[in-house]
Amino acid sequence: GQAQECLLEKSMLDNRKSFLVARISAQVVDYYKEACRALENSETASLLGKIQKDWKKLVQMKIYYFAAVAHLHMGKQAEEQQKFGERVIYFQSALDKLNEAIKLAKGQPETVQEALRFTMDVIGGKYNSAKKDNDFIYHEAVPALDTLQSVKGQGALGPLGWGGAGGSLWERSQPGLCPTGAPLVKALPVNPTDPAVTGPDIFAKLVPMAAHEASSLYSEEKAKLLRDVMAKIEAKNEVLDQFMDSMQLDPETVDNLDMYNHIPPVLMEKCAALSVRPDTVRNLVQSMQVLSGVFTDVEASLKEIRDLLEEDEAQERKLQELLGRVPPAPGSPPGLAEVSKECSKYLELHEKASFTNTELHRAMNLHLGNLRLLGGPLEQVRVALPTPTLSEDDKQVLQNLKRILAKVQEMRDQRMSLEQQLREMIQKDDITTSLVTTDRSEMKKLFEEQLKKYDQLKVYLEQNLAAQENVLKALTDANVKYAAVRKALAEVEHKWNTTVQTLVASYEAYEDLMKKSQEGKDFYTDLEGKAAKLLERARAACQASEAHRQQLLER
């Protein structure tokens, strides 16, 4: 029945004629009726137990459902033949049978319910449309269903061209006519001893207990072999690791000459940043020039004030000597003392700021060249970085060391590969089948013969372990010759790193220099204004003092 269902679905997808689809559907109904009769058999019921009722209800639901599908397509056939009265009765019958199927479908999965609802929409729509058309347009008499030709499932496949004489759909798929009464599908008997049906034998791995015990003994022999080999490998690996640690030779960094052919990314980043700010150096120089100009103006103003005060003091001493007075003459103009006090304060500030200004200029001169370098062509930057100069002998020493280090790594890799092969071989080694047919007295001999399969791998491992001593001796000699080259490379690398750090520091110092330069300009601009005012006051006070001295001389 289920196989016939598949053919029904295929025929509907292929848009077969309605009459053919109806007969295929009727054949589905016939098969499910046979299944229902088989389920009602007492022997079958006792065999299935509780699920017998569920199966029977499901089969009955399918009988009504596919009967509805058959009558639906008979109604479509009547429609094609313009037998509008027959169309109504077929659609009505399909609707009645579908309602019975829905009643029996209670408790079925949601997918079944959804299919029934969809079919109800189709058949219900067809019935309503057909009845309305007949009532208002065609006015044909609606015959009784039992007066119409019954839909038979047997002999339905001849016109479809599926199957052939003496065969089924599963056996052949050739077009041709089929004898009347032959079904579209054929049930094939199931052979419970066929592995294709029942799957592999679940008892295939059952072996006698003696064979299991012997297999355990053989496993211990394999484990012993692996332990012996691993003890030798681990001892050699420990010696190799200690030796390489003491040498401090990293194969990846022993030859870092390629590093000097490229500008490091950190410098490339700084060069790129300066390339989009081409006025960096000029702005810094201009800022420092403005600071120097203000600094000079302040220094000139304070010097002039100091000169005026010293000149006035000298004139005052001459007057005192002339008049013979030690204390100042009464009525001398005030203000010079305040001017002198303020001048001393400004001079002290200027002296402290002068030190800062000198340090700022020194820092600028230190970083200015580096900033020009970073802002210039990249080739100049690369040339400015130190590079090692190796003689041909030095290069030969370096190449020899690299070759031996590669041999060390090759020895390590081969050793790991052989170890992995040994472990996998032991893991897959199962002689249980042989043990079942071997006498207990012959077990030891069988073990010895089976363990010989590992001899070749053991020989390769022994050769690998034995080669370590010679490789390490050659590495020691090469390292001795490499000592001078290593020292020279280390010194160049140190200089190279220092240069890179210095250039990076110069770039990072730029913003700080600009900030401090601006702070210096702000400080000296303020001090310049105060010094200018103090100079005016000093000039006025000195003039007043000179006038006062002239008055004293005229008395």
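Modeller: A helix here is a DSSP run of H or I at least four residues in length, and helices are numbered from the N terminus. The model is predicted. In it, S215 sits in helix α8, which spans residues 209-247.

Colleague: Is S215 buried or exposed?

Modeller: Buried means under 20% relative accessible area. S215 has 18%, so S215 counts as buried.

Colleague: Which residues does S215 touch, not counting those up to four places away in sequence?

Modeller: S215 touches T432 and L435.

Colleague: Which residues of helix α15 are buried?

Modeller: In α15, residues 443-451, the buried ones are M443, L446, F447 and L451. These residues lie on the same side of α15, because their arc around the axis is only 125°.

Colleague: Now the aromatic rings. How many aromatic pairs does a search of the whole structure find?

Modeller: The search finds four aromatic pairs. One of them is Y32 with F66, a stacked pair at 6.2 Å centre to centre with 20° between the planes. Y32 belongs to helix α2 and F66 to helix α4, so this pair ties together parts 34 residues apart in sequence. Both Y32 and F66 are buried.

Colleague: What kind of pair do Y65 and F66 form?

Modeller: Y65 and F66 pair edge-to-face, with 5.1 Å centre to centre and 85° between the planes. Y65 is buried, as is F66. Through ring pairs, Y32, Y65 and F66 are linked into a cluster.

Colleague: On to the pockets. What volume does the largest pocket have, and which residues lie nearest its centre?

Modeller: The volume of the largest pocket is about 570 Å³. Its lining has 27 residues, and those nearest the centre are M12, Y65, F66, V69 and T119. Y65 and F66 are also members of the ring cluster.

Colleague: Which helix gives the most to that lining?

Modeller: Helix α4 gives the most to the lining of the largest pocket, with nine residues. At least two residues each come from α1 (2-13), α2 (18-40), α4 (51-80) and α6 (110-138). By class, the lining holds 14 nonpolar, seven polar and six charged residues.

Colleague: How many residues line the second largest pocket?

Modeller: The second largest pocket is lined by 19 residues, with K33, A67, H71, K97 and V151 nearest its centre. Two or more lining residues come from each of α2, α4 and α5 (84-104). Here too α4 gives the most, with five residues. The space in this pocket is about 330 Å³, and its lining has 10 nonpolar, four polar and five charged residues.

Conventions:
Residues are numbered from 1 along each chain as its sequence is written. This is a predicted model: local features need pLDDT of at least 70, side-chain atom pairs count only at pLDDT 80 or more; totals for chains, interfaces and linings use all residues. Side-chain values use heavy atoms; hydrogens and water are left out. On a 1 Å grid over the protein atoms alone, a cavity is a set of points where a 1.4 Å probe fits but cannot get out, and a pocket is an open set with protein on both sides within 12 Å along at least five of seven lines; lining residues have an atom within 4 Å of a point. Grid points are joined across faces, edges and corners, and a volume is the space filled by probe spheres set on the points. Ala, Val, Leu, Ile, Met, Phe, Trp, Tyr, Cys and Pro count as nonpolar, Asp, Glu, Lys and Arg as charged, and the others, Gly among them, as polar. Buried means under 20% relative accessible area, exposed over 50%, partly exposed in between (1.4 Å probe, protein chains only). Contact means heavy atoms within 4.5 Å. The arc is that of the directions from the helix axis to the C-beta atoms. Rings of Phe, Tyr and Trp (its six-membered ring) pair if their centres lie within 6.5 Å; planes under 30 degrees apart count as stacked, over 60 as edge-to-face and the rest as tilted.
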